[in-house]
Amino acid sequence: MQAKHQSFARGSPYSDYRVRLSCIFMGLGQLFCRQFVKGALLMLFEIGSILFLVFQGVENIIGLFTLGTTEGVPIMGIEGDNSVSMLAWGITTLFLIAFFVLAYHANIKDVIFTVREIGRGSRVRNFRESCKTLLNQKFYVLTLALPLAFVCIFNVMPIVFTALVAFTNYGGEIVPPKLVSWTGFQSFRVIFTMSEYIGTMGKILVWNVLWAFGSTFLVYFGGLGLALLYNAKCLRWKRFWRVFPMLAYAIPSFITLTGFCFMFCDSGPIVGQLKALGWVKETFTIISYDSKWSLRLLGFFCCAWIGVPSVMFLATGILSNASKDMYEAARLDGANAFQQFLYLTLPFVLFATTPVIISTFINQFNNFSIFYFLRPETVYAPGYFNANSSDLLINWMYNLTVENGLYSLGSALSLILFAFMALFSLVAYVTSPAYKKEDTYR
Amino acid sequence: MKRTLFRPERALKTALVYLLVLLVSFLFAFPCIWLVLSAFNAEGDLLTLNGFFPERYSLDTFRRLFTETNKYDYPRWFGNTLFVAAVSCVISTFLVIAVAYTISRYRFKSRKALMKATLILGIFPNFMNMTALFVIMTQLHLINNLWGLVLLYSSGSAMGFLVQKGFFDTIPGTIYDAATLDGASDFRVFVSITLPLSKPMIVYTALTAFVWPWADFMLPSMLLVDKSSWTVAVGLNSLDDSEFSVFAAGSMFVAVPIIALYVALSKYLIEGGSAGAVKE
Amino acid sequence: MNRGKVFALCLAAALSAAALTACGERTSGGTFTYEELMAKFEGDIEQNAVIRVLDNQMAVETGHLQEVLDAFNERYAEYNVQAVDANMDQYVDLEQNGPDGYGPDVLYQANDMLMRYAEGGHILPLPTEQLDIDTIPQTVMDVYKLETYGLDLYYGMPVAQQSTVLTYRKDLLPANWEEEWDDNQNGIPDMVETMNELYAYSKQVKESSSGAKYGLYMSLVDQYFNTGYLLSYGAYVFGETHDDIGLAADGAETGLDLFRDLAGVLGSTCISQNATTQVATYLTNAAGTAFCTIGTPDWLTTFQENLTATYMRDGMSEKEAAAAAKENLVVVAPPRLPKDGDIQKELTNIEEETFAPTTMGGVNAFGISSYTKYPKASLAFVKFVSEYENLKWRSEALGAVPARTDLAEELGGVSEVLSERVSEGLVYMMPSTRDTQYIWDPLSSLFNDVATDNTTRDAPVYTTKEALKGALEKLVSDIRSAMAVGDIS
């Protein structure tokens, strides 16, 4: 026995019979290593998985390919195949299979580890000890398992679902009980060939990029400016003054935006007062059917109102961390306030908040609520297909899917949008100093 | 002691600062005051305002808000919102802190991959998946179910661990090493050392985890079909525009608790948010 | 490395095998006879059934629905039936929620919605021989007819008519209206009789109150009611086929021009869906902000309630106020339109120069969801609400105009006005087909565009008939694109 184990330490681990057994059936090798509880649990797991696969899994996978074969007749109470739920279950099954493969892999690694331990002459861990490692070296498995499962079900799966829907004809008239089928790249073809789509996409994309840069800039530097203002030495009752931006920070944005919409609409007080004062023409309007720039500017204003305070509080915290000596030295060197800001404050804050800028940019790029609440009525402007001139891509997508039920087109659009965003932010993030130097602070 | 002399440029600067602060305060306060006063408008709709403010004030809107349950079951919506927000707050805080601590403290093989994956997933806005979520939730029979929302908020917030991770990064590793040498298990280290040190971070996390479900509109509007399961955001947005006062009054009860929380905990908010961001 | 390749190959093989099986035949419905289709309604109603009823917002808010539900539950107490308020948004999508069991069992909707569901198989054809439909005009029943499996089936039990009427405040008429505003001396104020006079009066009211008051007040973006101006001058929705969209037919631009002029006098506050609800305040407040409105008769009850409240605030007793409100809110047919479309000119001969307008109309009905577990109880409920007495109850409580002619006659007033218009063929029933859903958004955009053009736009573009014609042609092409996309997806 002993000699055999010695040889294993040098040769391939797969030459050991226990490792081979575990490759054949999960847990078998563990049983032969006298880890009975663990082995039994693993075997039960494999049996369960196989049973699931035989009785449900295969059917689900086939369903993923066929998307249903019998059409239901609801008026006769005949329940046919529901393509959409078949798609969902098919994806779930794929996820489960992937999980099974991972578990199998882990099982083999585990038995190799145990066999090595035996080879070194250590005592085999019993089940209690195995569990105990979970609280120590493998603590991360314990804490990450549940969140990971959650994220897989409610974040990753929907994304896969959305991505797959882009390659079907789901939507419009093709909704259950009708059967959905795979149509390849047809949705993308429609988006890129129908003049309505490509034209609308171009216009919206330009505005969307402009919006994302503009609002990020506004929110970020507005917040920074306010933080500096509230940090001024000559200002008293700082805590009191900070309550006001706190108001804007705290009020849920759906309330703020609906309130602003009422305030600036044609029958609202702002337009009314301006007209009463005679400062504007009778035809003056901010939120109307074809208002483009007035509504866009209002969007910037509301976005600043909502977003500036959070950056301000962040910057306030960061500024309080800035070293006083540095400023004292600069002052002695004769740097004025502006120079101090430009050469000391700004680089420091910029460095510290790069991730914040990126996440602000992503959030602003996909800021759905601003124009959803500011233009409460669904009206489509001339030259735009199912969209209005102030809509961002995300609003357009909402119009296509939720308002008009064009799911496959909306999904295809979100894939395009996603590719665009992922590329941008990955490049931005990976090249950011904060990411490169992550470990230098430890 | 040196007496400070009156210096015109300093006085000018002070005056300028106060002027700006006053202006900013007005900009932030005015819409809020306007909304609050509109809630007391006797006539009830937007166009009866005289200039900016109502002509006659009354408490009638509030009476209607809580009694006309045929039109708007506000008490129920409020209860639903409170339930969802409170439960998701507890679960999310737990998850986020656990994940952030793990990612910050442990070095394991797929750590960087996990962080990158989180970033990529974060780019995909939640409701690009609305249709998919709706389908998944119907399969799980969680439509019209407040627990469904709780699940979604908890899983969604688990992805937002980067700020908290940044905070845990600032706790020096030597503390852990000392404790581990004393023979404490990692779990004990977490409970008895990390948690007490990160009080501001936990408050910050809990607060943000509470506010998201409290103020969210999109998810509940998709997933809650039955009016009795509605949250305040969905309910208030379903109101006719001629019910502006009711909207304003309803909003007050949503906003005031949050404002109170924020003001009371502003210290933690500033510390927590920036501590995480600085060394993210 | 090698193992990975083998695995990949195996996976690929498995997938292609699965893909091959996917090519199997897809089966669909089959055909059914009338008896087979109606079999589910045979026999006694289910014990302990719970049916969710979706009614419109007004029925819910006034509490009428709850009373009806209680009455129904009481009558069928022996079966322990429980009809409950579905408690959903009135426009909840059955297509999305029904298949998963979250939709209502019985739903009250307009014909374009219900028939869209019928085409998708989401609602059940009803056994008409069991329903009381003798006194419903065939034109109204036809709206709910759909050929399925070679049979003419009816998918809804028509309850209420929808179309446009004009409602005005008699106490706001100028004191000298009989001299100044009744040129043809027929005892009907001219401003509620023809659009030209209404236009002139609105202009006068607006100018003399410097914009604080309105003659006519209505939503300029209500695509449903405003399409009537196009229809009156020769437009139609669909011709023989759905490829033939007639909203830009010759003459429609005249109607659109008239609408544009009307927008000019109404002003930008009416370019909003809010205006539809806003009018309930304006028409009934003490100041008398609006003199009249054009819209659905459904609002009459609300108007009366609001006006009663206003009068009571002025010191009347409740009884007096209610009577005065009923007396002072008068409903008439929508005003006659000028034949040449020019509403700014002064009319000399009303009969000669004007015609009765065509308005868009629809029929609201109760339908039964295909996904209900209790078809018999649901049918019992539909039968219950369509009983003569209960329809009358509904009409009185909600101001709905009944689809039954005998009831309309008995109720008189607005019901009679509308019923007459239907029988004279002046109500254009909106097409009961799925494709109708594609016309509303483009129409809404058109009315927004044209109304904005004459109110808040600095450089108006629709000043010529050609420009208006262009707008209509664009409307049609927008509808076509929407339909095309709906087909592809």
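These legends go with a few close-up views of a predicted model. Local features need pLDDT of at least 70 and side-chain atom pairs count only at pLDDT 80 or more, while totals for chains, interfaces and linings use all residues. Residues are numbered from 1 along each chain as its sequence is written, and chains are lettered from A and ligands numbered from 1 in the order in which they are written.

**View 1. Chain B by itself.** Chain B has 14 helices and 2 strands; helices (H or I, at least four residues) and strands (E, at least two) are DSSP runs, numbered from the N terminus. Of its 280 residues, 49% are buried, meaning 20 or more other C-beta atoms lie within 10 Å of the residue's own, with C-beta atoms placed from the backbone. Take the contacts in chain B with a separation of 6 or more: 75% of them link residues 24 or more positions apart. A contact here is two C-beta atoms, placed from the backbone, within 7 Å.

**View 2. Where chain B meets chain A.** Here 78 residues of chain B are in contact with 76 residues of chain A. On the chain B side, H1(B) gives the most, with 13 residues. That side splits into 55 nonpolar, 17 polar and 6 charged residues. For the bookkeeping, Ala, Val, Leu, Ile, Met, Phe, Trp, Tyr, Cys and Pro count as nonpolar, Asp, Glu, Lys and Arg as charged, and the others, Gly among them, as polar.

**View 3. Zooming in on B:Phe28.** B:Phe28 sits in helix H1 (residues 8-39) of chain B. It counts as buried because it has 21 C-beta neighbours inside 10 Å. Leaving out residues up to four places away in sequence, B:Phe28 touches A:Phe244, A:Pro245, A:Leu247 and A:Ala248.

View 4. Helix H12 (residues 253-264) of chain A packs on helix H13 (residues 244-264) of chain B at about 150 degrees, with axes 11 Å apart. Axes are lines fitted to C-alpha atoms, for helices over the stretch in contact, and angles run from 0 to 180 degrees between N-to-C directions. So H12(A) is roughly antiparallel to H13(B), a label for angles over 145 degrees. In H12(A), A:Ile255, A:Thr258 and A:Phe262 meet B:Phe244, B:Phe247, B:Ser251, B:Val254 and B:Ala255 in H13(B). These contact residues come out as 6 nonpolar, 2 polar and no charged.

**View 5. Chain C against chain A.** This contact takes 42 residues from chain C and 40 residues from chain A. H20(C) gives the most on the chain C side, with 6 residues. That side holds 12 nonpolar, 21 polar and 9 charged residues.

How values were computed:
Parallel < 35°, antiparallel > 145°, perpendicular 65-115°, else oblique. Buried ≥ 20, exposed ≤ 12 C-beta atoms within 10 Å, placed from the backbone.
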